[in-house]
Amino acid sequence: MASLQLDSFSIRSHAFEIVHYEIEQRLIPLLLSVSGKNDRVLDLQDVFRRCLEESLPLSDFAVAFDLASKLSAERAMTVFSFVWKIKRMLNLGTEREMNKALKMINILAHEVIKQRRSMGFLNHKDLLSRFMRTVSDEKFLRDIVISFLLAGRDTVASGLTSLFLLLANHPEVGSLIRLEADKVFEANHGVTSYEQLRKLHYLQAVVYESMRLYPPIQFDSKFCQEDDVLPDGTFIKKGTRVTYHPYAMGRMEQIWGPDCLEFKPDRWLRDGSFFPENPFKYPVFQAGFRVCLGKEMAILELKSVALALCRRFHFQLANPCRTPRFSPGLTATFNGGLPVLVHERATTTTHHDHQ
């Protein structure tokens, strides 16, 4: 159901309208309030997370959500899984914290469903309302709320953070994004529809190249349902956990060539048009039957924010020499955030001036 809904033009157009509203009414005013003030360092990672937090019903939900995500990741990092399993059984330490966080998440997820029901879900276009028209199982709906928030909030915030780190370090790429937008649209007008956004091939290449170097999900696992053999001849026994690492894969010379560590959006273009790679070579959105349901939604959000902010602002890294380090979590998060200084650009020039 989600696959059909997320692929529908109506829900993508609805998502575009929401994203456009959030950018214009919340994100740009916030950046304008600190623009040009050299003593006002802004953490862009925090900003992107908070802007996406509006989808969460209460701040308590966001806190519990982040804690559960962090503790889940720490479980995966423990050498012996029986340690956290014993702690869970005895309700001790971090597992006690996890239990409390999950209870809070469940309560608030049910509250979201209750609110949507009281508002009359039959007339709403959002994904939850569409599920509620055909499913009445409260536990199923609760799991839908949690799954889609987990999939859609932190990953997009992570993707935006790394994208703006790269744009700050490569101002020439921002110039080319603006130039493409001025060619495709009238210079002083923003994108007004989802269809228009799809015409920006260079911007699409920038987003894909950013996630090649900094995938929001750095590693992932699958469990083998039946005995199998990998393409290289390796035998995999039923029940085996197979982990792959998109972060490492995006930086391997044998996959991407000698310039694998360089940020080069042009590698995704052929004769000026965006050309996607094999998803098994670029498993940022997974591949095959397990391909990410929200892929197009995520790209829509990333492109919309990148375009709007590139055309309006210049971002200067507060710590330009610092190499990013990651915090434990289910999604890639920069330790210490992404501190920047914000400067508003001069009024957008016309396409004629560019020529």
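**Figure 1. Salt bridge between R26 and E22 in the predicted model.** The side chains of R26 and E22 meet in a salt bridge, with an N to O distance of 2.7 Å. The structure shown here and in the following views is a predicted model. Both residues belong to helix α2 (residues 9-34), where they are four residues apart, about one turn of the helix. R26 is partly exposed, at a relative accessible area of 27%, and E22 is likewise classed as partly exposed, at 22%. A search of the whole structure gives 17 salt bridges.

**Figure 2. Salt bridge between K70 and E74 in helix α4.** The N to O distance in the salt bridge joining the side chains of K70 and E74 is 3.0 Å. The two residues lie four positions apart in helix α4 (residues 59-77), so about one helical turn separates them. K70 has a relative accessible area of 38% and is partly exposed. E74, at 27% relative accessibility, is also partly exposed.

Figure 3. D259 forms a salt bridge with R267, and their closest N and O atoms are 3.2 Å apart. D259 has a relative accessibility of 19% and counts as buried, because the class covers values under 20%. Through shared partners, salt bridges join E209, R212, D259, K264 and R267 into one network.

**Figure 4. Helix α11 and its buried residues.** Of the 13 residues of α11, 12 are buried, so the helix is largely enclosed by the rest of the structure. Among the buried residues are E209 and R212, both members of the network that also holds D259, K264 and R267. Y208 is another of the buried residues of α11, and Y208 belongs to an aromatic cluster with W256, W268, F274, Y282 and F285.

**Figure 5. Aromatic pair of Y214 and F326.** The structure holds 17 aromatic pairs. In one of them, Y214 and F326 adopt a tilted arrangement, 6.4 Å centre to centre with 55° between the planes. The pair links distant parts of the chain, 112 residues apart: Y214 is in the loop between α11 and β2 (220-223), and F326 is in strand β9 (residues 326-327). Y214 is buried at 14% relative accessibility, whereas F326 is partly exposed at 28%. R251 lies over the face of Y214, at 5.1 Å from the ring centre.

**Figure 6. Aromatic pair of W256 and W268.** W256 and W268 form a tilted aromatic pair, with 5.7 Å between centres and 45° between the planes. W256 lies in helix α13 (residues 253-256) and W268 in the loop between α13 and β6 (269-270), so that the pair links parts of the chain 12 residues apart. Both residues are buried: W256 has a relative accessible area of 8%, and W268 has a relative accessibility of 1%. Together with Y208, F274, Y282 and F285, these two residues form one aromatic cluster.

**Figure 7. Charged end of R270 over the ring of F275.** The charged end of R270 sits over the F275 ring, 3.6 Å from its centre.

Figure 8. An unreviewed UniProt entry lists C292 under "binding site". C292 is placed in the loop between β7 (273-274) and α14 (295-312). With a relative accessible area of 34%, C292 is partly exposed.

Notes:
Residues numbered from 1 in each chain as written. Predicted model: local features only at pLDDT ≥ 70, side-chain atom pairs only at ≥ 80, totals over all residues. Heavy atoms only, no water. Salt bridge = Lys/Arg side-chain N within 4 Å of Asp/Glu carboxyl O. Buried < 20%, exposed > 50% of the residue type's maximum accessible area, 1.4 Å probe, protein only. UniProt positions renumbered as here; feature names shortened; annotations may be inferred. Phe/Tyr/Trp six-rings, centres within 6.5 Å; stacked < 30°, edge-to-face > 60°. Lys NZ or Arg CZ within 6 Å of the ring centre and 35° of its normal.
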